Amino acid sequence: LEQIEADIRAILESVASFDEIHAQLPLPKNRTCFADLRFSDYIKFFENYDFWERTRLTIDRPFFTERLDAVRKIRNSIMHFKVFKPEKTDLDELQSMKEFLALLRPDQQD
């Protein structure tokens, strides 16, 4: 999960300043830097057409945001419910997203 978040933030930081994101997205005022963003904020970012275009990703935007939402749900279950034990499908989803985001990291693009 940590690597997934780091890769998502790297994409965000490579295409927009935090002030731009905060100005265009309906974020709470207590979000003051990239580290304050939550998974729901990442989804809002990628759902925003202008920001999506800046990423220059050539994948289906709804599919990508659905995958992020799946990761968000797994993450929330793990972080908020101490008795939650991820299923194999949850772990597969996380691994798949981690590998996919690794390919999209700005430092991997050239």
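Predicted model: local features only at pLDDT ≥ 70, side-chain atom pairs only at ≥ 80, totals over all residues.
Residues are numbered from 1 along each chain as its sequence is written, and side-chain values use heavy atoms, with hydrogens and water left out. Local features require pLDDT of at least 70 and side-chain atom pairs count only at pLDDT 80 or more, whereas totals for chains, interfaces and linings use all residues.

Helices are taken as DSSP runs (H or I, at least four residues) and are numbered from the N terminus. Accessibility is given as relative accessible area, with buried meaning under 20%, exposed over 50% and partly exposed in between (1.4 Å probe, protein chains only). In helix α3 (residues 39-47), the buried residues are Phe39, Asp41, Tyr42, Ile43, Phe45 and Phe46. These buried residues of α3 pack against α1, α2 (18-24), α4 and α5, where contact means heavy atoms within 4.5 Å.

Leucine 101 is located in helix α6 (residues 88-104). Leucine 101 counts as buried because its relative accessibility is 0%. Apart from residues up to four places away in sequence, leucine 101 touches Ile4, Asp7, Ile8, Ile11 and Phe64. The C-alpha atoms of leucine 101 and aspartate 7 are 6.1 Å apart in space, although the two residues are 94 residues apart in sequence.

The structure holds nine salt bridges, a salt bridge being a side-chain nitrogen of Lys or Arg within 4 Å of a carboxyl oxygen of Asp or Glu. One of them joins arginine 75 to glutamate 5, with 3.8 Å between the closest N and O atoms. The pair links distant parts of the chain, with arginine 75 in helix α5 and glutamate 5 in helix α1, 70 residues apart. Glutamate 5, within helix α1 (residues 2-15), has a relative accessible area of 15% and is therefore buried. When neighbours within four places in sequence are left aside, glutamate 5 is in contact with Phe39, Tyr42 and Arg75.

A second salt bridge is formed by the side chains of arginine 54 and glutamate 20, at an N to O distance of 2.9 Å. Arginine 54 lies in helix α4 and glutamate 20 in helix α2, so this pair ties together parts that are 34 residues apart in sequence. Both residues are partly exposed: the relative accessible area is 27% for arginine 54 and 32% for glutamate 20.

Another salt bridge lies within a single helix. The side chains of aspartate 69 and arginine 72 meet at 2.7 Å, N to O. Aspartate 69 and arginine 72 are three residues apart in helix α5 and are therefore separated by about one helical turn. An α-helix has 3.6 residues a turn, so residues three or four places apart point the same way. Aspartate 69 is partly exposed, with a relative accessible area of 23%, and arginine 72 is also partly exposed, at 22% relative accessibility. Elsewhere, salt bridges that share partners join Glu5, Arg9 and Arg75 into one network.

Arginine 56 is found in the loop between α4 (49-55) and α5 (61-80). Phi of arginine 56 is near 60°, a positive value in a residue other than glycine. With a relative accessibility of 72%, arginine 56 counts as exposed.

Methods:
Helix = DSSP H or I, 4+ residues; strand = E, 2+ residues; numbered from the N terminus.
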